[in-house]
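Me: Hi! Could you walk me through this one with me?

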Amino acid sequence: MPPRLIYSLLLFSMLYGLLEARPLFKTRAYKDLAVTSLILILALSYGIDYMMGTQLLPNPNRLIILFKPLSEALNSFFQVNT
Amino acid sequence: MPEKFLSRQQQASMIFLLLIGSSLVFLTGSAASQNAWLSTSIGSFFGLYVLYAIISIHDLFPGQRITQISTHVLGSVPGTLLNGLFLLSVFAILVTFLFDIIMMMEIIYPLVPRVVLYPLLVLPCCYCLYKGITVLGRLGELILAITMIIVLLGMLLSLPNMEISNLQPFLANWRPFIAGTLYAADWPFDEVIIFALFLPLVSDYRRNQNIYYYGYLIGALLLTLIDVTIITVLGESQANLSLFPLFETSRLLGFENFQRVELLFFVIWLFTGLYTMVIYFQGLAFVIQDVFSLKSYKALILPLGLCIVVFTLYMFPNTVEYTLLGFSYLPVYTFPVNLFYPTIILCVAKYRQKHPSQKLLSLRKAM
């Protein structure tokens with residue numbers, strides 16, 4: 001299943017290159033170009049990592065799991081069935 | 001000051017659709033078991049407060065988004081820090097929205113892999129954002145009446161299956177009831193905070209502001225009625241066991257030769273779900289535009305679209321993990337952020353209004 005993600009990565013990157021990157025470069029909006037390219041590179045890196053199954057990049061779930069102790073304490077106090 | 005794109009009616013319909021589309025086929029306040037409907041109605045006061053806070057903030061600083069106001073009022077560093085926390089909250093909520101819709105779509109497309117469904121849903125959202133905010137507002141107006149009619153029709157058709165005794169015992173244990181109220185306050189009611197980014201785009205904003213509250217209250221009332229319908233039809237245990245209680249409720253509808261009525265409702269859930277996602281997607285683009293001081297949000301649409309697809313796949317590989325992370329752990333972060341972010345800004349803004357600094361005075365003069 002994961003290799004199919006390559007089509008999405010390519011499609012979004014191509015559309016971005018055609019619709020956004022060129023006009024931004026022509027209008028010399030370098031800051032916009034840098035920020036949007038950085039977001040795209042971040043997405044591509046995580047996409048490739050997911051596709052290859054290497055898990056080299058830090059999982060964002062680690063941030064959510066930080067709230068596990070508090071969540072469990074609240075759920076046990078309020079007697080919530082999880 | 002930005003151009004005005006939305007009418008008050010469109011903004012009110014967006015608020016209504018956000019509540020309906022965000023809760024989708026789930027039972028809000030489900031932690032409270034058979035008292036979920038009461039938890040939902042009381043939880044709605046939190047959202048009402050958030051709506052009041054963002055409207056008050058916008059009254060003090062007309063024509064500016066909350067992310068711009070926070071840096072003006074709190075200062076550059078604390079303002080950006082709070083904006084960063086808000087950005088993470090918006091992103092996390094958006095990712096959960098996408099996963100919710102995908103879970104629902106897998107009912108009718110069980111053989112299509114998620115990796116194909118994600119971009120199929122995100123690309124139309126990108127297209128909608130490219131078309132602009134006016135299209136978003138008009139789309140909201142268009143589907144508002146259809147959504148209300150179909151949701152009310154579903155409730156009316158469920159009447160013969162309802163068993164009022166399923167609502168008892170009433171408030172037997174207060175602890176799960178409080179938990180249900182807090183969960184309902186976080187999802188879906190506090191999510192109205194996103195409209196702090198849309199209010200500057202409303203053209204006749206100051207005229208009869210009550211319309212925003214009406215849109216919100218009608219949505220909250222409808223959600224409470226949906227909860228009553230689910231619990232009375234399915235019963236407390238079945239409603240808590242089912243992943244999509246409202247879908248199960250609609251599956252029980254049907255007439256002699258007229259079966260599979262749930263597909264009619266499915267269309268409306270898909271529309272409102274996607275609409276909610278587009279609102280949050282637009283909000284995320286606005287926040288990033290303000291955090292990085294970009295000229296336009298449009299260049300962000302495609303990179304953010306890919307980000308949403310990839311991170312949803314990466315963070316929630318299966319439903320079990322999603323249920324744990326999205327329903328249990330994430331509210332501990334999103335609830336305080338969505339509640340306290342506008343509260344802090346409103347309190348400091350009111351304080352600064354009484355004790356204005358030179359910088360703020362010059363900013364007011366410029367507006």
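Me: Which residues does B:Leu94 touch, leaving out residues up to four places away in sequence?
Reply: In this predicted model, B:Leu94 touches B:Met277, B:Tyr280, B:Phe281, B:Leu284 and B:Ile308.

Me: And how many residues are in the largest nonpolar core?
Reply: That core has 140 residues, and B:Leu94 and B:Leu98 are the ones with the most contacts inside it.

Me: Nice. Which helix gives the most to this core?
Reply: That would be α11 of chain B, residues 262–291, which contributes 15 residues.

Me: Switching topic: what about the contact between the chains, how many residues does each chain put in?
Reply: Chain B brings 33 residues and chain A brings 37 residues.

Me: On the chain B side, which helices each supply at least two residues?
Reply: They are α5 (114–131), α7 (174–186), α12 (301–315) and α13 (319–354). The largest share comes from α12(B), with 12 residues.

Me: What's the make-up of that side by class?
Reply: The side of chain B that touches chain A has 28 nonpolar, 3 polar and 2 charged residues.

Me: OK, now helix α1 of chain B. How far does α1 reach from its first C-alpha to its last?
Reply: Helix α1(B) covers residues 8–23, 16 residues in total, and reaches 23 Å, close to the 22 Å expected at 1.5 Å a residue.

Me: Why is α1(B) described as largely enclosed by the rest of the structure?
Reply: Because 14 of its 16 residues are buried.

Me: Last one: what follows α1(B)?
Reply: B:Leu24 comes next, and its phi is positive, near 45°.

Definitions and conventions. Residues are numbered from 1 along each chain as its sequence is written. Chains are lettered from A and ligands numbered from 1 in the order in which they are written. This is a predicted model: local features need pLDDT of at least 70, side-chain atom pairs count only at pLDDT 80 or more; totals for chains, interfaces and linings use all residues. Helices (H or I, at least four residues) and strands (E, at least two) are DSSP runs, numbered from the N terminus. The expected span of a helix is 1.5 Å times one less than its number of residues. A residue is buried if 20 or more other C-beta atoms lie within 10 Å of its own, exposed if 12 or fewer, and partly exposed in between; C-beta atoms are placed from the backbone. A nonpolar core is a set of buried Ala, Val, Leu, Ile, Met, Phe, Trp, Tyr and Cys residues joined through C-beta atoms within 7 Å. Two residues are in contact if their C-beta atoms, placed from the backbone, lie within 7 Å. Ala, Val, Leu, Ile, Met, Phe, Trp, Tyr, Cys and Pro count as nonpolar, Asp, Glu, Lys and Arg as charged, and the others, Gly among them, as polar.
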